[in-house]
Amino acid sequence: MKTFTRVSVVALVLGLSFGAGCIASSGEEQASAQQQLGAAPGADGVWLSTEFSFGFCAGECITTVSRDGAALELKACTRQGDCRRSNSATLTDKGSRHVAEAEGALGGVPLDARYGCPDCADGGATRVSLQRDDLLTSHQYEYPNAPAPLENLDRLVKELKLGLDTCTPGPLLQLSQACTPR
């Protein structure tokens, strides 16, 4: 074999080996990134909190509904970080079942960190925090346009938020005694 041909074959073999390594590496990186977003098969999802925010507004621009087990808390804050109201409630049995169903629907579903253009043109943003496979993940999207995998959870949290925000008891939550309506 001529020297030029031998060098070409060696370069081709090395190039293929390097390319295969890059493909494997990028696949591993993608799998790792998806796992960080909770896409592992059979992943359990636990809803921790949802934040609703609006860029150019006065008063309570950021409202967060957070959950610790059956305990719920709503915090209503200004852009300057002054949290003027905090209401709490407990999920009823029906509320706990609804949350478990919404969480179960997220099991193994890959989620992006960002959907659309949250808070662009002062349209508002929603940020959902989940714990999936022992990883904390955050998923942000345009308010009120929840992506398909998060639609059920979004709808449920908005219902819980309404009860907490207006101090209106319902079949999903039992309000604490000290509730300050909007």
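Is Cys117 buried, exposed or partly exposed? Cys117 is partly exposed, because its relative accessible area is 31%, where buried means under 20%, exposed over 50% and partly exposed in between, computed with a 1.4 Å probe and protein chains only.

Before going further, a word on conventions. This is a predicted model, in which local features need pLDDT of at least 70 and side-chain atom pairs count only at pLDDT 80 or more, while totals for chains, interfaces and linings use all residues. Residues are numbered from 1 along each chain as its sequence is written, and side-chain values use heavy atoms, with hydrogens and water left out.

Let me turn to confidence. The mean pLDDT of the chain is 81, and 75% of its residues reach 70 or more; pLDDT is the predictor's confidence in each residue, from 0 to 100. Over residues 3-43, pLDDT stays under 50, and the model has 27 contacts beyond four places in sequence for them. A contact here means heavy atoms within 4.5 Å. Where pLDDT is low, the predicted coordinates should not be read in detail.

Now the overall architecture. The chain contains three helices and eight strands, in the order α-β-β-β-β-α-β-β-β-α-β from the N terminus. These elements are DSSP runs numbered from the N terminus, with helices being H or I of at least four residues and strands being E of at least two. Of the 182 residues in the chain, 32% are buried. Among contacts between residues at least 6 apart in sequence, 56% join residues at least 24 apart.

I come back to the cysteines. The structure holds four disulfides, a disulfide being counted as a pair of cysteine sulfur atoms within 2.5 Å. Numbered in sequence order, the bonded cysteines pair as 1-2, 3-4, 5-6, 7-8. Cys117, with which we opened, forms a disulfide with Cys120, the sulfur atoms lying 1.4 Å apart. This disulfide is left-handed because the torsion about its S-S bond is about -45 degrees. Cys120 also counts as partly exposed, at 33% relative accessibility.

Another disulfide joins Cys57 to Cys61, with 1.8 Å from S to S. Cys57 is partly exposed at 33% relative accessibility, whereas Cys61 is buried with a relative accessible area of 2%.

Cys167 and Cys179 form a further disulfide, with their sulfur atoms 2.0 Å apart. The link of Cys167 and Cys179 is left-handed, with -90 degrees about the S-S bond. The pair links distant parts of the chain, twelve residues apart: Cys167 is in the loop between helix H3 (151-166) and strand E8 (173-175), and Cys179 is in the segment after E8. Cys167 counts as buried, at 18% relative accessibility.

The loop between H3 and E8 also contains Gly170. Gly170 is partly exposed at 33% relative accessibility.

Which residues touch the most other members of the largest nonpolar core? In this core of 27 residues, they are Trp47, Leu72, Leu130, Leu153, Leu160, Leu164 and Leu173. A nonpolar core is a set of buried Ala, Val, Leu, Ile, Met, Phe, Trp, Tyr and Cys residues joined through side-chain atoms within 4.5 Å. H3 gives the most to this core, with five residues. Leaving aside neighbours within four places in sequence, Leu160 is in contact with Trp47, Leu72, Leu91, Leu172 and Leu173.

Strand E6 (residues 125-132) and strand E7 (residues 135-142) run antiparallel and are joined by eight bridges; strands pair if DSSP finds at least two bridges between them. Their hairpin has two residues between the strands, and Asp133 takes a positive phi near 50 degrees there. Thr126 is found in strand E6 and stands opposite Tyr141 in E7. Thr126 counts as buried, because its relative accessibility is 0%. Beyond residues up to four places away in sequence, Thr126 touches Thr50, Glu51, Phe52, His139, Gln140, Tyr141, Tyr143 and Asp154.
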